[in-house]
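Have the sequence and the model open while you read.

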Amino acid sequence: MFINQEYIEGLLHNAESIPEADISKILDKAERMEGLSPQEVAALLVNDNPHNLRRIFLIADELKRRIYGNRIVMFAPVYVSDYCVNRCAYCSYNESHAFARRRLTMDELRDEVRELERMGHKRLALEAGEHDAMCPIDYILACIETIYDMRFENGEIRRVNVNIAATTEENYKKLKDARIGTYILFQETYCRKAYERLHISGPKSDYEYHLTAFDRAMKAGIDDVGGGVLFGLADPYFEVLGLMLHNEHLEKEFGVGFHTISVPRLRPAAGMDIADFTNLVDNETFEKIVAVIRLAVPFTGMILSTRENREMRGRLLKAGISQLSAGSCAEVGGYAQRGKSGGSNPQFTVNDDRDALSVVSGLIDDGYIPSFCTACYRSGRTGDRFMRLAKSGQIKNVCLPNALMTLCEYSMDYGGESFRRKADGAIRREIRCIENENIRLKTEQSLNKIRGGERDLFI
Ligand code: SAM
C-alpha cells in the first residue's frame, strides 16, 4: 500500500535531525521549481527556524507569481443532496444526525444554477452526500446533464467538477462520459487510526476503498483528480506527507499526480462539537502548510473554500492558493433560498459570506486577476497534457489571455460601471505581461470582440 503509516512517522522523526545546511539546499531546490521529495517536505515541516520560515513564504509567493502570475481561478460549490448513509464524526450529513434531508429536483437544481450564473460563475463543484438509494450515480449524471444543458443570456456553466463519494470504476467511466472537469475527493485523513475512529460506519469507513478511489478513477479514464485532507482530524504534518505519497503514487502508476489539492480546515457544524477535536490547526501552522505544499508541487492547483475567513484567504493566496470559491452556500438549495427564512442544514458554517462580486472586486484591489476560465479541459488540456504545458512555462501565454478575456466578459455581464473601470484597468496592466506578441495582439482583438458582445472566446 502506498500509504505506510510507520514510514510517514519515520520521515517526520528523521526530519528532526536534518542539518541547517541541508534545509538551505532544499529551499534552493524549491526555488528552482523542481518540486520536493516527501523527505524534503518533512524536513521543511518540522523545521521551526524563523529565518527558514520567512524563506519558505518568500519562495511560495515567488513560485506562485512565476507559474500563475496574478491569476486566481474562481468557482462555487453546488450541493445537490444531503442524504447520507455514513457516520462521519465531523460532518453534519452524518446518518445519525436528525434533520429534514433534501435532494434537489431537476427544476430546483435549475433554480440553483440560475442563481450561480447570475453571480457570474462558470465553474461549479457539484457536492453530495453518499446514498445509493436517494442519490445514485444516475441522479448525479442527470444533475451534470441538466447543468451543462442550461443556457443563459450571458453564457452557461462551462465546467462541472464533481465531489462525490468514492465509487466503482464503472461509475467513474460514467462520470468521465458525462464530461466532468476534475473528480475531487478528500481523503479526510491519511492516518488510518484516526480515519477508522472518525468514520464510524457506512461505506466510507473503509479506509482502503476510499484511498484507492483515484486509482479506479484514473483506470476509468478520468485524468484530472483533486485530492485533499480535512485539516483538524489528525497530525497536520502527517497529512501533508500522506498527500505527497498519494501524489507520488499516482504519478508513478498513471503518469500524472493531483491536478489540484484542496486544503479544507475543520469548521463547526450542526450535529458535531468542534471542541471534541484535538488536532485543530492554528492559523500560523496552516499558512506554513499551504506554503510548503506550494514548494513541493509547484504546478498543482491549490483550492481554498469559504471555510476560511477573508483575512486568512488573503494570507493564503500569498502562500500558494490558486483557486478560490466565492459567494458560496454550503447547503442543498441554499442559493435559491438565500435571504428567505427557513433553509436547510449547511454542511459547515461558511466563514466568508461576501457576495461573489465583492470577492472578485476585492481580489482586483489586491492586485489579482480573477479568472473564470474553463478552457483547458474543453481544449483537451487535461492530465499530463496540462502538466506538460504548465512545466514548459507556456501557461503564461495561454492562461493569462484566457483569464483576461473571462474577466472582461464578467465585468461586462455582471459588474456595474465602476467595477468595469476597475477591471479594465487591471486588464490593461496585465496584458503587457503576455510575452508572445502574436498572442498579445490576438488577446487585444478578442477583448474588443467581447466588448462588442461576443462571448466564450478562448485560446
Ligand atoms: N460525500 C462525499 C465524500 O464522502 O467524499 C463528498 C463529501 S462532502 C460533500 C465535501 C467535504 O466537506 C468532505 O469531504 C469533508 O472534507 C468536508 N466537510 C465535512 N464536514 C466538514 C466540517 N465540519 N468542516 C469543514 N469541512 C467539512
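## Before you start

This is a predicted model, in which local features need pLDDT of at least 70 and side-chain atom pairs count only at pLDDT 80 or more, while totals for chains, interfaces and linings use all residues. Residues are numbered from 1 along each chain as its sequence is written, and side-chain values use heavy atoms, with hydrogens and water left out.

Helices (H or I, at least four residues) and strands (E, at least two) are DSSP runs, numbered from the N terminus.

Let's begin with α12, which covers residues 283–296. Buried means under 20% relative accessible area, exposed means over 50%, and partly exposed is in between, using a 1.4 Å probe and protein chains only. Among the buried residues of α12 are F286, K288, I289, V292 and L295.

How does α12 sit against α13 (residues 310–319)? The two pack at an angle of about 30 degrees, with their axes 8 Å apart. That makes α12 roughly parallel to α13. The axes are lines fitted to C-alpha atoms, for helices over the stretch in contact, and angles run from 0 to 180 degrees between N-to-C directions. Angles under 35 degrees count as roughly parallel, over 145 as roughly antiparallel, 65 to 115 as roughly perpendicular, and the rest as oblique. The crossing of α12 and α13 is right-handed; that term applies if the near helix is turned clockwise from the far one by less than a right angle, and left-handed if anticlockwise. On the α12 side, the contact uses N283, E284, F286, E287, V290, A291 and R294, and α13 brings M312, R315, L316 and A319. Contact here means heavy atoms within 4.5 Å. By class, these residues divide into 6 nonpolar, 1 polar and 4 charged. (Ala, Val, Leu, Ile, Met, Phe, Trp, Tyr, Cys and Pro count as nonpolar, Asp, Glu, Lys and Arg as charged, and the others, Gly among them, as polar.)

V281 is in the loop between β8 (260–262) and α12. At 9% relative accessibility, V281 counts as buried. Leaving aside neighbours within four places in sequence, V281 is in contact with F231, G232, P236, R265, F286 and I289. F286 and I289 belong to α12 and are buried.

## Helix α15 and its two neighbours

Now over to α15 (residues 356–365), which packs on α19 (residues 417–431) at an angle of about 40 degrees, with the axes 10 Å apart. The pair is therefore oblique, and α15 passes α19 in a left-handed crossing. L357, V360, S361, I364 and D365 of α15 make the contact with F419, K422, A423 and A426 of α19. That contact has 6 nonpolar, 1 polar and 2 charged residues.

α15 also packs against α18, at an angle of about 135 degrees and with the axes 13 Å apart. These two are therefore oblique to each other as well, and the crossing is left-handed. Here A356, L357, V360 and I364 in α15 meet L407, Y410 and Y414 in α18. The contact has 7 nonpolar residues, no polar ones and no charged ones.

S411 is found in α18 (residues 395–414) and counts as buried at 1% relative accessibility. What does S411 touch, not counting residues up to four places away in sequence? The residues are F419, R420 and A423.

C373 is in the loop between β11 (369–371) and α16 (375–378). C373 is buried, with a relative accessible area of 13%. Not counting residues up to four places away in sequence, C373 touches R123, N402 and T406.

C373 and D456 are 83 residues apart in sequence but 9.2 Å apart in space, C-alpha to C-alpha. D456 lies in the segment after α20 (437–451) and is partly exposed, at 24% relative accessible area.

## Two positive phi values

D456 has a positive phi of about 60 degrees although it is not a glycine. R179 is another non-glycine residue with a positive phi, near 65 degrees. R179 lies in the loop between α7 (169–177) and β5 (183–184), and counts as partly exposed at 48% relative accessibility.

Key: The expected span of a helix is 1.5 Å times one less than its number of residues.
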